[in-house]
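Here's a walk through this structure, one piece at a time. Keep the viewer open and follow along.

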Amino acid sequence: MVTASWYLILAAGLFTIGATGLLVRRNPLIMFMCVELMLNAVNLTFITFGRELNDIGGQVSVFFVLVVAAAEVVVGLAIVVAINRRRPQATADDLSALRG
Amino acid sequence: MSTLVDLVWLIPAFPLAGVLILMALGRRLGEPRAGWLATAMMGGSFIATLLVFIGLVGHEGDERETVFTLFEWVPAGKLAVDIGFLADPLSVTMALFVTGVGALIHLYSIGYMHGDEGFSKFFIYLNLFAFSMLMLVLGDNLLLTFLGWEGVGACSYLLISFWFTDEANASAGKKAFVTNRVGDWGFLVAMLLAFLTFGSLQYGEIFFDLEQNGVAASTASAIVVLLLVGAAGKSAQFPLHIWLPDAMAGPTPVSALIHAATMVTAGVYLLTRMNPIIAASHDWVPDLIMWVGLGTALMAATIAVAQNDIKKVLAYSTVSQLGFMFVAVGSGAYVAAIFHMVTHAFFKALLFLGAGSVIHGMDGDQDIRRYGGLARLLPITSMTFVAGWLAIAGVPPFSGFWSKDEILAYAYGENKVLWLLLLITAILTAFYMTRLVLMTFFGSRRWTDEEVKAEGDEEADTETDEDALPHRHPHESPWTMTVPLVVLAGLAMVAGVFNLPFTSDVHFLGNWLKPSLFGNEGHLSFGGGTKWVLAIVAIIGSLGGVSAGAAVYIRRRIDPARIEHPFLARAWRVDEVVTNFMGGPGRRAFERTTQFDERVVDGAVNATGTLVRRTGTKLRASQTGLVRSYALGIAIGAVALLVWFITRAGL
């Protein structure tokens, strides 16, 4: 029997991978994918709890997260492409023009 | 309930409509239609007041107080102020003579302002003034009264410097404005103190709270003294009287309406309105009001003796008569104060309008040394002026006698010295008014008409000699100017019947005003016999003043130069003292204050700015621009929150 805790452990694992990736990788595209991974880990948690508590709210929240993520992808990928055009091979650490 | 009283909102609405229409169409209407419109609005307002008056008479004595609320104006927590009108005997009495005299002066202005460039503008200001004055009088709370108070102050400023291209007029307006500001400060602080004490600004609620809970005598005294500062500013009492004589720079109808009949009486009205608070204050407070009034009355009367400008004489006379009213308020004779206010409005408006008619006839010359022998050339003006003169001099049966005698009687009951000094003031009043009338209308002509040219004229108008008008040719004014004169002269003669002293039944004004005074009206401690003696002394005094004037200025028993002392002509040098003080110690004090402002107040503001900037510079370093370090910050924060939730919040 697959219990809810399995899903939660999976989600926690995915989230940790995403968070660690975001912190250690320097390629913007990879970092971007890590963010997506974290979002989906959260989605999985929502679904799990929604089913466990028999509450439709969990699934509804997932839809919101998906919509926001889609919007974020549009903006984020556009920025990544723009960066690659101007400065090919630039890492996230190179982009520090906003340093105070 | 009678519906007539509910028309009270119409009273200020008419002049306001006049202002709005004239602002939109004034130039297109032009002369004289703009003036007629403004006059019609004042007439409408007067009729509305009459209707309210009739409605109020229909009520029982104790119910003659109606509050008509239009809408809520300032809803601010505990402070709730309505646009509400208070129709009670006091306010309606005021409104009656404000609109009545106002309408007559509007009519007069049509003739007086003939040919002026700013004809329609003048009537906008005049209507705006009437609106503000009516708000002042009819407002049912202190804030609304203050609104009117400021409104009349602004209109006064605009109208004094109406011919603003002349430097002197512009600075006279400024002087009036600044001096009034000192008084307004007093009113404003008094209003705040009243709100703190009584929790309301509405007259009815203030007086109710006063009756229920009482008030500390010291608080009441503070409120009244502050109100006195305000009243002294508006009603030109010492030491804030200095603006009124200069205010004569405005057109003469303005002097008649604002600076004689209506606005300057606002201070007396305010003090009368607040009579329960005066009654609740220390004993020295009414005495203070009384002595301020007496000092002003006596001082202004002595100054008026030595003035040569016809309007200046009348201006100082106004200051002096207002002093009489303050004496009446201080001695608890509110009815006498209002009575004198009404009769004064009639005869002083008459005198000013008469003076305007003379000035009109004399091509703008205001110096009585260059007048003389005008009686036959200006028959209506001189006849009506004589009526005003006898009224102000206190000759029975003219109106001024009755009101002044009542004030004198109360002063006698209060303090014998006060009475004596006030009597001297009354004698001086008769004296200087006699001087004015004799020098203007009688005696030798100190001007020439076309045929004859006397040497005396040379120094008088050297400048007009070069112009097209070398001589004076006095002429009677048009009917728009003489009709108000005749009506006011009639009123000045008979207004005494409003309040005859013989029995309490004919004490009409006293009985009428009773509900507004809450039993705070003073009572004479002596009987009819003493009253008769006092009245006879007053009559002898005024006749003595008149005959002394005649002896000096007709028979030349004494050289006038010996009476017209330069010290008096320069108004006791109050102006110089004020100027010297403000130029010397006053200026230094202000510079100190400025330094305080620059160092402490500005310093605090600038220091805050500097602090924020320096902190910001330090904190900039944390913004590395590295996305991953921000992400790390977020991650650590999230973990910290999580730890907190688990350990502290007991999840």
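## Starting inside: helix 20 of chain B

Let's begin with helix 20 of chain B, residues 479–494: its 16 residues reach 22 Å from the first C-alpha to the last, close to the 22 Å expected at 1.5 Å a residue. Bear in mind that this is a predicted model.

Which residues of helix 20 of chain B are buried? They are B:Met481, B:Thr482, B:Pro484, B:Leu485, B:Leu488, B:Ala489, B:Leu491, B:Ala492 and B:Met493. The cover over those buried residues includes helix 2, helix 14, helix 15 (379–393) and helix 16 (399–414), which belong to chain B.

## The nonpolar core

B:Ala492 turns up again in the largest nonpolar core, which counts 207 residues: together with B:Leu227, B:Ala349 and B:Leu408, B:Ala492 touches the most other members. Helix 14 of chain B (residues 334–361) provides the largest share of this core, at 18 residues. Domain 1 (1–140) and domain 2 (141–447 + 480–582) of chain B both contribute residues, so the core lies between them.

Setting aside neighbours within four places in sequence, B:Leu408 is in contact with B:Trp419, B:Leu422, B:Leu423, B:Ala426, B:Leu534 and B:Ala538.

## Chain B as a whole

Zooming out, chain B has 27 helices and two strands. Its C-alpha trace spans about 110 × 65 × 50 Å along the principal axes, and 51% of its 651 residues count as buried. Among contacts in chain B with a separation of 6 or more, 80% link residues 24 or more positions apart.

## Where the two domains meet

The domain assignment of chain B gives domain 1 (1–140) and domain 2 (141–447 + 480–582). Their C-alpha centres lie 23 Å apart. Across the boundary, 41 residues of domain 1 of chain B are in contact with 50 residues of domain 2 of chain B.

Which element gives the most to the domain 1 side of that boundary in chain B? Helix 2 of chain B does, with 16 residues. Strand 2 (79–87), helix 2 (89–112) and helix 3 (119–138) of chain B each supply at least two residues to this side. Sorted by class, the side of domain 1 of chain B that touches domain 2 of chain B has 26 nonpolar, nine polar and six charged residues.

## Chain A and its helix 1

Over in chain A, helix 1 covers residues 4–24.

A:Ala11, A:Gly18, A:Ala19 and A:Leu22 are buried in helix 1 of chain A. They cover an arc of only 95 degrees around the axis, so they sit on the same side of helix 1 of chain A. On the other side of helix 1 of chain A, A:Ser5, A:Trp6, A:Ile9, A:Gly13, A:Thr20 and A:Val24 are exposed. What covers the buried residues of helix 1 of chain A includes helix 2 (28–52) of chain A and helix 27 (627–647) of chain B.

## Where the chains touch

That brings us to the interface, where 11 residues of chain B are in contact with 10 residues of chain A. Helix 27 of chain B supplies the largest share of the chain B side, five residues. By class, the side of chain B that touches chain A divides into six nonpolar, three polar and two charged residues.

How values were computed:
Residues numbered from 1 in each chain as written. Chains lettered and ligands numbered in written order. Predicted model: local features only at pLDDT ≥ 70, side-chain atom pairs only at ≥ 80, totals over all residues. Buried ≥ 20, exposed ≤ 12 C-beta atoms within 10 Å, placed from the backbone. Helix = DSSP H or I, 4+ residues; strand = E, 2+ residues; numbered from the N terminus. Arc of directions from axis to C-beta. Contact = placed C-beta atoms within 7 Å. Domains from an automatic or database assignment. Nonpolar A, V, L, I, M, F, W, Y, C, P; charged D, E, K, R; others polar. Core = buried A, V, L, I, M, F, W, Y, C linked by C-beta atoms within 7 Å. Expected span 1.5 Å × (residues − 1).
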